[in-house]
Amino acid sequence: MTHFFHRRQGELWCEDVPLAALARAWGTPSYVYSDATLRRHFHVLDEAIGPRPRLIAFSVKANSNLSVLATLAQCGAGADVVSGGELARALAAGIPAGRIVFSGVGKTRAELVAGLVAGIFQFNVESAPELEALAACAAATGLRASVAIRVNPDIGAGGHAKISTGGAEVKFGVPMAEAPALVRRVIEHQSLDFQGLAVHIGSQIGDLAPMERAFGKVFALARALGAEGIGVPRIDLGGGLAIPYDEGETHAQPAAYGTMVARAAGDFPGLLIFEPGRLIAGNSGILLSEVIYFKRGESRNFLVLDAGMNDLMRPALYDAFHAIEPVGRPRGEPVPVDVVGPICETSDLFGENRLLPPLEAGDLVALFSAGAYGASMGSEYNSRPLAAEILVRGAEHAVVRRRPVLDEMLAREPLAQWLAR
Ligand SMILES: Cc1ncc(COP(=O)(O)O)c(C=O)c1O
């Protein structure tokens, strides 16, 4: 629990708002974000980096809510986007195009043009064909593109194999050995400006050693290019820093990360770009859910929630752990339960054998550390409306994404004309 999600007289609050009041007013499942926590996490990282020129480009995939993005824009954040949709969101939230970095292995021509027209800060190019597509789009539109080459340092890391993005076997970036040729190709194109190198080796990385090795390779490549007379004005170090999901979990802290970055960067005089997602948003949000049933099983008992894997996919996708606590004052001695959702999949399981005080239908629970890769990964599987999102600031709150009504969901699907006759 962070300072901004805390208990008063036993009840769980977000800043100065009781979570139970939000559930009463807006229903469940709902994501609840803390403005103060978002800002605090941004500033902690910003301070950890020290006085170097830097751009902190929040990784929009972690939490793409417009009000969350606008809050971070007020802190001075840029955005790391990976689709035309995320680009549109970042711009709509007031993040200046000059602070937007476009990553991703599969940018379409339409997305490249959208980035060019918006005048974004940098395209992180991940392959030779993408480079040629970008050059063609830039030439066709008469616009120039700032380009960084994302390298794959063949060092992967992360909290789960599915979020490790730096090994030679994964699709991300270009092999180190091929990067110099690609850089020269950027320089040959009239419509492209070579600006730098980028790297991102994974997410939920608690040990800085692999990151430092990867960064070392990137700075060494920058020095080698410099020796050839090719200046490297910017290096994008990606995101990836881990956060605690469970009590007592310890990971490298932002301050240690800052020290490591300073060591790896040495006397590099250019701009450093960072793409944090989870670090800023993860522990800034919870998922608020109501117990539908306490169900006795043959070998286990189940707490069936109204939130499902469609709302918070991480446990089903990555076996991820989220702490779960009652919102109300805990009553009675904890008992073991499996906390599950209503979805018709066995993987719709938020926690196995969790020790929770006795809870019954109508009680509320909070699933912690749900601010990153929570709502942004949500789906309407089982035809369930997307969860609402609520932003709290002090004693104020705002519904920053309302829950769609079923009619809206159905209205998106006109019957084929031969069925509608
Ligand atoms: C290119 C890139 N940058 C940044 C991030 C954000 O990572 P994290 O949320 O771990 O900081 C990701 C996510 O994996 C990514 O793919």
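How many residues surround the ligand, and which are the closest?

1. Ligand shell. The ligand is surrounded by 16 residues, counted where a C-beta atom, placed from the backbone, lies within 6 Å of the molecule. Ser59, Ser203, Gly239, Gly277 and Arg278 are the closest. By class, the shell holds 4 nonpolar, 9 polar and 3 charged residues. Here Ala, Val, Leu, Ile, Met, Phe, Trp, Tyr, Cys and Pro count as nonpolar, Asp, Glu, Lys and Arg as charged, and the others, Gly among them, as polar.

2. Basis. This is a predicted model: local features need pLDDT of at least 70, side-chain atom pairs count only at pLDDT 80 or more, and totals for chains, interfaces and linings use all residues. Residues are numbered from 1 along each chain as its sequence is written.

3. An open sheet of 3 antiparallel strands runs in the order β1-β2-β3. Strands are DSSP runs (E, at least two residues), numbered from the N terminus; two of them pair if DSSP finds at least two bridges between them. β1 (5–8) and β3 (17–18) are edge strands with a single partner each, so one side of each has no neighbour in the sheet. β1 and β2 (residues 11–14) are joined by 4 bridges. Phe5 has Cys14 of β2 as its bridge partner.

4. Strand β19 (residues 364–367). Leu364 and Ala366 point one way, Val365 and Leu367 the other, and all are buried (20 or more other C-beta atoms within 10 Å of the residue's own, each placed from the backbone).

5. Partners of β19. β14 (residues 285–296) runs antiparallel to β19, with 4 bridges; Glu290 is bridged to Leu364. β16 (residues 324–326) is also antiparallel to β19, with 3 bridges; Glu325 is bridged to Ala366.

Note on methods
A residue is buried if 20 or more other C-beta atoms lie within 10 Å of its own, exposed if 12 or fewer, and partly exposed in between; C-beta atoms are placed from the backbone.
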